Amino acid sequence: MTAIASQKGQMLDRVGAVTVHQGDCLVTDSPDVTYSTVLGSCISACVRDTKAQVGGMNHFLLAVQSSSARDRFGESARYGAYAMEQLINLVLTKGTGRKSNLEIKVFGGGNINASITDVGAANAAFVRAFMADEGYVATSEDLGGAFARRVLFQPFTGRAFVKRLDSTINEGLMREELAHANQSIKPVEDDIELF
Amino acid sequence: MPKASQVSVMIVDDQQSMRGICKYILTQLGFKEVIEAKNGRDALGKLERNHVDLIISDWNMDDVDGLTLLKVVRKHPRTAKLPFIMATGRSDQDQVREAISCGVNNYVIKPFDAGTMKKKIEAVIGTLA
């Protein structure tokens, strides 16, 4: 199946969609671009400047899971906060530069393996806390649940489409997400020398 | 050799979560006096009313961005030599070069950890006791 039906009955072709992989942060003002991603316990935020019709999508996972208050600012939170900031700043830079013009939709955080700690719930809690801390209200969200999701997002129109996926893909997807998360959290090396 | 507990640091960032993360890291490094500012304008007001030994500022902010803050700080005789570290994203190398030309003392790329931040701070104010 290569198309997902929207609520208004339109068919959205995902064959030509740009895939947003874990760790990516893509932004565009093109009316022709659709972003596509598959989320297990990962989170994707879709951020759009409603005045400038510029939008983007990220895809991230908090690698180190902890429910303790101490980790609110720990390694994983740093990575998640940066992933959100990076997307918001890119949209602001390409758009009007005004946070009041942003609309944000958040997806993912599924518990796709019931036998281990609910990584997805921790991710969902992170993104909800981030939104609350920064004063944003999600215009749409689909978080949690015991399933993976495919999300399509059209930055130009702001429309997002979610399809809940069959549980047979869960195990492979979870392994892939965690393997990538453990690689992606390394601090960035400097590449500009100061005099 | 400066003692972290005696160094007053100002964090400037329009994202509350990033200020929280930075403050948490500074606390881990032994800093006790951390002043938060939510943008460049807020920072300039707080600089007038507080003693500050080091500024760590974000670049992208709504109301007076990091580069403008740096330029104003460098122009004012009282703050002209104030140590200033800019925090940027990994794709913002042009910003770093511009900040260097405007007199920034160092920069740190997000997301950073306590070890990286310590290294950057020590490169600017000296090894912490």
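1. B:Val124 is partly exposed, because 15 other C-beta atoms lie within 10 Å (buried means 20 or more such atoms within 10 Å of a residue's own, exposed 12 or fewer, and partly exposed in between, with C-beta atoms placed from the backbone). The residue B:Val124 belongs to helix α5 (residues 114-125) of chain B; helices (H or I, at least four residues) and strands (E, at least two) are DSSP runs numbered from the N terminus.

2. This is a predicted model, in which local features need pLDDT of at least 70 and side-chain atom pairs count only at pLDDT 80 or more, while totals for chains, interfaces and linings use all residues. Residues are numbered from 1 along each chain as its sequence is written, and chains are lettered from A and ligands numbered from 1 in the order in which they are written.

3. Leaving aside residues up to four places away in sequence, B:Val124 touches B:Leu54, B:Pro83, B:Ile85, B:Asn105 and B:Asn106; contact requires C-beta atoms, placed from the backbone, within 7 Å. B:Val124 and B:Asp53 are separated by 71 residues in sequence and by 11 Å in space, C-alpha to C-alpha.

4. Helix α3 (residues 66-75) of chain B has B:Gly66, B:Leu69, B:Leu70 and B:Val73 buried. They lie on the same side of α3(B), because they cover an arc of only 100 degrees around the axis, taken from the directions from the helix axis to the C-beta atoms. The buried residues of α3(B) pack against β1 (8-12), α2 (40-49), β3 (54-58), β4 (84-88) and α4 (93-101) of chain B.

5. Between the chains, 19 residues of chain A are in contact with 22 residues of chain B. On the side of chain A that touches chain B, α1(A) gives the most, with nine residues.

Methods. Two residues are in contact if their C-beta atoms, placed from the backbone, lie within 7 Å.
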